[in-house]
Amino acid sequence: MNKVFDIVNYSKKIIRKDEIKKFEIASYHYETTNKITVKIPLKFINKLALAMSKAGAGIVGNYEMCSFRLNGTGTFKPSSISNPFIGNKDKINFVEEVKMEMRCEDDKIDNVVGAIYKNHPYEEPDYDIQQIKFRSKKAESVIIMLKK
């Protein structure tokens, strides 16, 4: 609430606090960041999450090391020239994996992807990066009802 009063006071003090009957935020500012999603065998998930966090991923507001994890089954068929960490060449393989998502700012992406390659056991880590939007705490516009 004080932030809204600050907005009112900032606008050349046209409106005094005692003149305001009610106010509400009409719209918020939306910010853009990235979400990195990676799939990895369960045995390696905590090591990778820590490495990605140290590289700058997983920050949400005042919280660090934030991630979402979902268990599932990964499938793949290594070619004859591949060097699979798990599974057999030229055959379809099924592996229990964890899909982990973490937020990551633009300036940290290279470091975080580097941490994935350094700490992931697979020859070809499966990851993707998506640009996302989220609502910030900053009000873009307010509705102010005056007493008179």
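Two strands are taken to pair if DSSP finds at least two bridges between them. Helices (H or I, at least four residues) and strands (E, at least two) are DSSP runs, numbered from the N terminus. The views below show a predicted model, in which local features need pLDDT of at least 70, side-chain atom pairs count only at pLDDT 80 or more, and totals for chains, interfaces and linings use all residues. Residues are numbered from 1 along each chain as its sequence is written, and side-chain values use heavy atoms, with hydrogens and water left out.

**View 1. Strand 1 and strand 4 run antiparallel and are joined by 17 bridges.** Strand 1 covers residues 20–41, and strand 4 covers 126–146. Ile-20 stands opposite Leu-146 of strand 4. Tyr-30 has Arg-135, also in strand 4, as its bridge partner.

**View 2. An open sheet is formed by four strands in the order 2-3-1-4, with antiparallel pairing.** Strand 2 and strand 4 are the edge strands, each pairing on one side only. From one strand to the next the twist averages 25 degrees; axes are lines fitted to C-alpha atoms, for helices over the stretch in contact, and angles run from 0 to 180 degrees between N-to-C directions. Strand 1 is joined to strand 3 by eight bridges, and these two strands run antiparallel. Pro-41 has Glu-97 in strand 3 as its bridge partner. In a regular strand the side chains alternate between the two faces of the sheet.

**View 3. Met-65 has a positive phi of about 60 degrees although it is not a glycine.** Met-65 sits in the loop between helix 2 (45–54) and strand 2. Its relative accessibility is 49%, so Met-65 counts as partly exposed (buried means under 20% relative accessible area, exposed over 50%, partly exposed in between; 1.4 Å probe, protein chains only). Asp-90, not a glycine either, has a positive phi of about 60 degrees. Asp-90 belongs to the loop between strand 2 and strand 3 (93–104) and is partly exposed, with a relative accessible area of 47%. Most residues other than glycine have a negative phi.

**View 4. No disulfides are found in a search of the whole structure.** A disulfide is a pair of cysteine sulfur atoms within 2.5 Å. The closest cysteine sulfur to that of Cys-66 belongs to Cys-104 and is 13 Å away, which is too far for a bond. Cys-104 is likewise in no disulfide. Cys-66 is partly exposed at 23% relative accessibility, whereas Cys-104 is buried, with a relative accessible area of 1%.

**View 5. The second largest pocket holds about 300 Å³ of space.** On a 1 Å grid over the protein atoms alone, a pocket is an open set of points with protein on both sides within 12 Å along at least five of seven lines, and lining residues have an atom within 4 Å of a point. Grid points are joined across faces, edges and corners, and a volume is the space filled by probe spheres set on the points. Of the 15 lining residues, Phe-76, Pro-78, Tyr-122, Glu-123 and Glu-124 are the closest to the centre of the second largest pocket. Strand 2 (residues 68–76) gives the largest share of this lining, three residues.

**View 6. Asp-110 lies in helix 3 (residues 109–119).** Asp-110 is exposed, with a relative accessible area of 68%. The C-alpha atoms of Asp-110 and Gly-56 are separated by 9.9 Å, and the two residues are 54 residues apart along the chain.

Methods:
1 Å grid on protein atoms, 1.4 Å probe; cavity = no way out; pocket = protein on both sides within 12 Å on 5 of 7 lines; lining within 4 Å.
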